[in-house]
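Here is a short report for a first look at this model. Keep the structure in view while reading.

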Amino acid sequence: MSDPDSRTGKRYATEAILAYLDRIHAGHDTGLEAAFTTPEREGIPAIMVSPSEGRLLELILRMIAAKKVVEIGTLVGYSAIRMAAALPAHGKLWSIEADPKHAEVARRNIAAAGCADRVEVVEGPARDILSSLEVHGPFDAVFVDADKGSYDHYGTWAEANLRQGGLLLGDNAHLFGNLLDESDTARAMRRFHERAAQVFHSTCIPTPDGLLLAIKK
Ligand code: SAH
Ligand code: DHB
Ligand code: MG
């Protein structure tokens, strides 16, 4: 049972409630299930978004009828397959991944999920790759989920390469509870938030580790 909320005195979701809601609203077809369970089978850390967070990404992209999306940090392709579900037949997701093993496993999962026509895994460090994607822009959404000390840089890139009304999304926006630390990574994450608040319509959705959502003005 969760602790009561300090403001309302109410108790909110338990693990069992969240598991029920993942099952009802965010269940897996075979492609998603294969991707979600790949990390444990391949000795890769299971650090993808949760089923409900992945479904939220999909729904947000559906809301804006997104056609061109950039993801920074593919891992094994779980969030990419989720987001691809929102794309029309000629839509495209470019997903950047620095780790060659992750990129290879992701390509396999994306193909098995039937998304290879809409998702390209672009291999390399995002700071090097991003400029090569600019020719395809402006983009409808950019989802940042890679090295946390570079979010600031990725946010600035998104600002320049999103269309008006396009979305900046950022996972781990609470920085695992370390957002207010005096580390370079925490300072970079705070700059990401503060710039988003200044130049976008922004909020931080209180998922377990925070999901920044911002609309380009
Ligand atoms: N978005 C994925 C999870 C990404 S985990 C999902 O929810 O399914 C973060 C990934 O970012 C890891 O695979 C890691 O290898 C990759 N990464 C870390 N630093 C990077 C960088 N500088 N450029 C590109 N990818 C990076
Ligand atoms: C880590 C990265 C993530 O994007 C995440 O959602 C959880 C953990 C990590 O690098 O440990
Ligand atoms: Mg993450």
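## Sheet, cores and metal site

Glu71 has Phe143 in β4 as its bridge partner. The model is a predicted one. Strand β1 (residues 68-72) and β4 run parallel, joined by four bridges.

Both strands belong to an open sheet of seven, ordered β3-β2-β1-β4-β5-β7-β6, and the pairing is mixed. From one strand to the next, the twist averages 15°.

| Helix | Strands touched or crossed | Direction |
|---|---|---|
| α8 | touches β5, β6, β7 | about 135° with β6 |

The largest nonpolar core has 33 residues, and Val69 and Ile110 touch the most other members. Elements giving two or more residues to this core include α2 (30-42), α5 (100-112) and β7 (211-216). The most comes from α4, with five residues. Beyond its neighbours within four places in sequence, Val69 is in contact with residues including Leu61, Met83, Trp94 and Phe139. Another core, of 29 residues, lies apart from it; Leu133, Tyr151, Ala173 and Phe192 are among them.

Last, the metal. Asp145 (OD), Asp171 (OD) and Asn172 (OD1) coordinate the magnesium ion (ligand 3) at 2.0 to 2.1 Å. These donor residues are spaced D-x25-D-N in sequence. Asp145 sits in the loop between β4 and α7 (151-161), and Asn172 in the loop between β5 and α8 (184-199), 27 residues apart. Asp145 and Asn172 are buried.

Note on methods: Residues numbered from 1 in each chain as written. Chains lettered and ligands numbered in written order. Predicted model: local features only at pLDDT ≥ 70, side-chain atom pairs only at ≥ 80, totals over all residues. Heavy atoms only, no water. Core = buried A, V, L, I, M, F, W, Y, C linked by side-chain atoms within 4.5 Å. Buried < 20%, exposed > 50% of the residue type's maximum accessible area, 1.4 Å probe, protein only. Contact = heavy atoms within 4.5 Å. Donors = N, O, S within 2.8 Å, 3.2 Å for Na, K, Ca; no water. Pairing = 2+ DSSP bridges. Axes fitted to C-alpha atoms, helices over the stretch in contact; angles between N-to-C directions.
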